[in-house]
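Have the coordinates open as you read.

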Amino acid sequence: MSTYVLWIVVVFVISAACGLTFIPVILNFCKSKNLYDLPNARKVHSNAVPRLGGVAFVPSMLIAFTIAVAVINSGGRLISINLWSVYFLISILLIYAMGIVDDVLGLPPGIKFAVQVLAACLLPAAYLYVNDFYGFMGIHQIPYAVGFPLTVLIIVFIDNAINLIDGIDGLAASLSIIAFAGFLYIFASQGVWTYAILIAGMIGVLTAFLYFNLFGDASKNRKIFMGDAGSLTLGFILGVLCVKYTMNNPNVIIKHDFDFIMPFTLLLVPMFDVVRVFVVRIWHGGSPFKADKRHIHHKFMRAGLTQHQTLACIVAIALAYIAANHFMLKVIANTWVFVIDVLTYIGLNLALNRSIKIKADK
C-alpha cells in the first residue's frame with residue numbers, strides 16, 4: 001500500500017510539472033493564432049483571455065499515469081488495465097477531441113450532445129453501468145435495460161453540469177479538484193489503485209492550471225481559461241467515476257464503504273445548480289438551454305461579492321455538503337439525506353434572492 005501511496009504523490013508532481021510546462025506553450029500558441037475568449041454581456045471577464053487551458057489536461061494526466069504504470073509493473077507489482085479502462089480512455093479522447101474542435105472552430109450544440117451521448121454509451125456497452133440504487137428511494141437492483149440509458153443520462157448530465165458552472169475564475173477547476181480528491185480517497189481506501197493513480201494525475205494538472213487561471217496576468221499573456229476541452233473532459237471523467245464506484249460488482253469492489261449517494265455528493269453543487277437553472281428558465285417561458293446569468297456564481301456576484309469571494313463561498317458550500325452528508329449517512333437513510341440536501345439548497349437560493357433584492361433596493 002505504501003508504494004501505491006508514494007506513486008500517487010509522484011504522479012501528482014509529474015502531472016503538475018507537465019501542466020506548468022504545457023500551459024505557457026499553449027498561451028503563446030493562442031496569442032499567435034488569436035484564439036481568445038472575448039468578453040460579452042453574459043460573461044464576467046472584461047479582457048480577452050486564451051481559452052485552451054484544458055488542452056493540457058489529458059496529456060499531463062496520461063503521461064504521469066503511463067510512467068507510474070510502467071515503473072510499478074516493472075517492479076513486480078501489477079496495475080491492471082481491463083476492458084472498462086480501454087473504453088474509458090477511448091471515451092475520454094472522444095470528448096477531449098470534440099472540446100478542442102469546439103474551442104478552436106466552434107461546434108453546433110447538437111453535434112456536441114451527440115458526441116457526449118456516443119462517448120457515454122461506450123461505458124455501459126462494456127458493462128460498466130449503474131445496476132443498484134442500494135435502497136435509495138426504495139430501489140435496489142436495476143436491470144441492464146434500465147441501467148444502460150440511466151448511465152448515459154448520468155454521465156452526460158454531470159458532463160454538462162461541470163461545463164455550465166465554468167463561469168468565473170477557478171470555479172470549475174476548484175470544484176473538480178474537490179470531487180477528484182474525494183474519489184481518490186474513496187478508490188484508494190478500497191484498494192482500486194489504478195483509478196486512484198489516474199485521478200492523482202488529473203489533480204496535479206488542475207493545480208497547475210489554477211495557478212495561471214487565478215493568478216495569471218492577462219496583460220502579460222499568463223492568464224488562461226480551460227475552455228470546453230477542459231470542462232467537458234473533467235465533467236465526463238467525473239461522471240464515469242460516479243458510475244464506476246456505484247456499480248455493484250464484487251469483482252472490483254468487494255464491499256462499498258461509502259454510501260451510494262456519496263460520489264454524487266462530491267458533485268452536488270454543480271448538479272443542483274444546473275437543475276435549478278433549467279427549472280427557472282422553463283418557469284419564465286424560456287429555453288432551458290439558452291445561456292444567461294442565472295447560475296449560482298452570478299447570484300453571489302449580484303449580491304455584491306467579488307469573483308474570488310464568490311469562489312470561496314461556493315467552495316465552502318461544496319465542502320459543507322460533503323462533510324454534512326458523510327455524517328448524516330451514518331444515522332439516517334440516504335433518501336432523507338437527499339431530501340435535506342434539496343431543501344437546504346432551495347433555502348440557500350432563497351436567501352441569495354433576498355440579499356440581491358436588498359442590494360437592489362438600496
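For residue classes, Ala, Val, Leu, Ile, Met, Phe, Trp, Tyr, Cys and Pro count as nonpolar, Asp, Glu, Lys and Arg as charged, and the others, Gly among them, as polar. This is a predicted model, where local features need pLDDT of at least 70, side-chain atom pairs count only at pLDDT 80 or more, and totals for chains, interfaces and linings use all residues. Residues are numbered from 1 along each chain as its sequence is written, and side-chain values use heavy atoms, with hydrogens and water left out.

Start with the second largest pocket. On a 1 Å grid over the protein atoms alone, a pocket is an open set of points with protein on both sides within 12 Å along at least five of seven lines, while a cavity is a set where a 1.4 Å probe fits but cannot get out; lining residues have an atom within 4 Å of a point. Grid points are joined across faces, edges and corners, and a volume is the space filled by probe spheres set on the points. The second largest pocket comes to about 900 Å³. Its lining has 31 residues, with Met271, Phe272, Val275, Phe338 and Val342 nearest the centre. Two or more lining residues come from each of α5 (144–164), α9 (262–265), α10 (268–283), α11 (296–302) and α13 (334–361); helices here are DSSP runs (H or I, at least four residues), numbered from the N terminus. Helix α13 gives the most, nine residues. By class, the lining splits into 21 nonpolar, five polar and five charged residues.

Now for the closed space. The largest share, three residues, is from α7. What classes make up this lining? Seven nonpolar, no polar and no charged residues.

On to the charges. Side chains of opposite charge can pair when their charged atoms come close. Counting a salt bridge as a side-chain nitrogen of Lys or Arg within 4 Å of a carboxyl oxygen of Asp or Glu, the whole structure has four. In one of them, Asp102 pairs with Lys112, with the closest N and O atoms 3.1 Å apart. Asp102 sits in helix α3 and Lys112 in helix α4 (residues 109–125), so this bridge ties together parts ten residues apart in sequence. Lys112 also pairs with Asp228, at 3.0 Å between the closest N and O atoms. That pair links distant parts of the chain, 116 residues apart, since Asp228 is in helix α8 (residues 227–246) and Lys112 in helix α4. Both Asp102 and Lys112 are buried (under 20% relative accessible area, against over 50% for exposed and partly exposed in between; 1.4 Å probe, protein chains only). Asp228 is buried too.

Another bridge joins Asp169 and Lys223, with the closest N and O atoms 2.7 Å apart. Asp169 is in the loop between α5 and α6 (171–189) and Lys223 in the loop between α7 (193–215) and α8, so the pair ties together parts 54 residues apart in sequence. Asp169 is buried, at 12% relative accessible area, and Lys223 is buried at 11%. Through shared partners, Asp102, Lys112 and Asp228 form one network.
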